[in-house]
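Trainee: I have just opened this one and would like a walk through it, if you have a minute.
Mentor: Gladly; have a look at it and then ask away.

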Amino acid sequence: MSTVLATSFIHSGDLIAVLYIIAFSLFIYGLSGLTGPRTAVRGNRIAAVGMGIALLASFLIEGMGNWTLIIIALIIGTIIGIPSARSVKMTAVPQMVALFNGVGGGAVALIAWAEFNDSAGFAGEPLTFVIPSLFAAIVGSVSFWGSNIAFAKLQEILPGHPIGAGRLQQPLNLLLLLIAVGSAVAIASGETATIYILVLLVASALLGLFVVLPIGGADMPVVISLLNAFTGLSAAATGLALNNTALIVAGMIVGASGTILTRLMADAMNRSIPSIIAGGFGGGGGEAGAEGAGEHGGTVRATSAADAAIQMAFARQVVIVPGYGMAVAQAQHAVRELATELEKRNVEVKYAIHPVAGRMPGHMNVLLAEADVPYDQLKEMDEINPEFSRTDVALVIGANDVTNPAANTNSESPIYGMPILNVNESKSVIVLKRSMNPGFAGIENELYFEPMTSMLFGDAKSSVAEITAELTAL
Amino acid sequence: MFITNVAILVLAGFVGYAVISKVPNTLHTPLMSGTNAIHGIVVLGGIIVLGLGEDLSGLDKGLLVVAIIFGTINVVGGFLVTDRMLEMFKSKPAPPKQDDEEQA
């Protein structure tokens, strides 16, 4: 059956092949546009045009049928996709990306499953078709279920802390991987019973669940990026099986870029990808951190919005350090208003952006851009770190682990060696925080116990608004 | 044919690497979202297999319809959400909304 599929592509005319070449050229051109803020919008739209052309080309393939089903499916997908992309809050974008990534992986796995059924268990198919299909089935299934767990954790449907079987986790995951690969080998060597593909899909699904469940929320961006790369690779494998260049090129580009992104993110957190996959960071780290906190206990200094306003009004330079707390509280507009008020008083305001602040690299930039913060006030870590020593007030808004000096000083800390924003070098630090609960990684922050630090407890948005109100009243 | 495809695969990997390694930190989230939309191209796989399948069982048709729905969500949602994100990076001459309802 599928060899029939393959041959019909080859003979269906050069037009389709040319359209595919145009399509993937547009993907590459569009992606290179995404490398700069000025060309990015256009780049994304160019890539979307490429997708349209690729779709059109596949409609032209000779002998296509089942049009009603295809059109209905396309319409349903569009009806679901448009509103969810339109209405999602910018703070919820990471989990939305996880979800979109998951359905992509799910599509790959479903196609492989349908092909297995359709060809009566890949009977008589060449290995060059069977192996990529089985690879796609495993990886697509892992990606689908893993992404759904990532979504559920970020959406706080599931708790963010690691859930797992502890010591048994790794052997269990290994066993599941062996079952999945074992079924694949059985199918490739001629087994045609449906049970094999079902075992393969279920084992891969459980593997996806069990790999992501024990991973702490702090590592989730890295996981989403990795799963994104996985889905890309599985799409490329589907392309190999279907002899479709558009799928091969587009899938592989995503596979390569996702891998790089994953490594960049892991580097920024001073974590290795294998140790993230091994999981348990959030939980195990919390215990170690809690012990350290005992020594400092009770020296936290609370402050009021009025005091914070006075401190900042008479500062020369204020550096705002946003984190996930700002995102959750939707405080970006309030922060922007505070900055405007400070600038009226000739206070220089800058924003210190840690590469992994929030839930994804660039997360803070997206939010602050939404609030019309000028692009040139956003400073990356290497640029802002030397400036803290001549900063009067560092205003930390819901950022935790990325400001923890233990990363520089305490070799016992699970985040030791992670590059951080050196806010503790500034003359005074004001931390806006909901409570003394440790951050997403579950580690106590030594910064809060330093003498120059004062804490303003409460919802980030209302705290910022209060400070602004006090400022205008001064 | 298979070997040619593997060659394309390997070259595409290098192209992806070369294009992406230049992206600044600030654009990582939109980039992840944008590449995420591109792998939605699997929707083509679903369309082709369903379109060319002559004796598909009801189950297989169902699986492929769901695959196309999933792929379409991936493509449409992915590009739209990326577009929304990137619109915010466009430099605006004057901040239009300073005193909106959030003042309170």
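Trainee: Which residues have the most contacts inside the largest nonpolar core?
Mentor: They are A:A250, A:I253, A:V321, A:V396, A:I397, B:I41 and B:I68, within a core of 196 residues. Such a core is a set of buried Ala, Val, Leu, Ile, Met, Phe, Trp, Tyr and Cys residues joined through C-beta atoms within 7 Å, and buried means that 20 or more other C-beta atoms lie within 10 Å of a residue's own, with C-beta atoms placed from the backbone. The largest share of the core, 16 residues, comes from α5(A).

Trainee: Before I go on, how should I read the numbering and the model?
Mentor: Residues are numbered from 1 along each chain as its sequence is written, while chains are lettered from A and ligands numbered from 1 in the order in which they are written. This is a predicted model, in which local features need pLDDT of at least 70 and side-chain atom pairs count only at pLDDT 80 or more, whereas totals for chains, interfaces and linings use all residues.

Trainee: Back to A:V396, then; what is it in contact with, leaving aside neighbours within four places in sequence?
Mentor: A:V396 is in contact with A:V321, A:T403, A:V423, A:V429, A:I430, A:V431 and A:L432, where contact means C-beta atoms, placed from the backbone, within 7 Å. In β5(A), A:V431 is also the bridge partner of A:V396.

Trainee: And what order do the strands of that sheet in chain A take?
Mentor: The 6 strands form an open sheet in the order β3-β2-β1-β4-β5-β6, with parallel pairing; strands are DSSP runs of E, at least two residues, and helices are runs of H or I, at least four residues, numbered from the N terminus. Two strands pair if DSSP finds at least two bridges between them. The edge strands, each pairing on one side only, are β3 (378–380) and β6 (453–457) of chain A.

Trainee: How many bridges does β5(A) make with β4(A)?
Mentor: β4(A) and β5(A) pair over 5 bridges, and 5 bridges also join β5(A) to β6(A), where A:I430 stands opposite A:S454. Of the 6 residues in β5(A), 5 are buried.

Trainee: Is helix α2 of chain B mostly covered or exposed?
Mentor: Helix α2 (residues 28–38) of chain B is mostly covered, with 11 of its 11 residues buried, including B:H28, B:P30 and B:I38.

Conventions: A residue is buried if 20 or more other C-beta atoms lie within 10 Å of its own, exposed if 12 or fewer, and partly exposed in between; C-beta atoms are placed from the backbone. Two residues are in contact if their C-beta atoms, placed from the backbone, lie within 7 Å.
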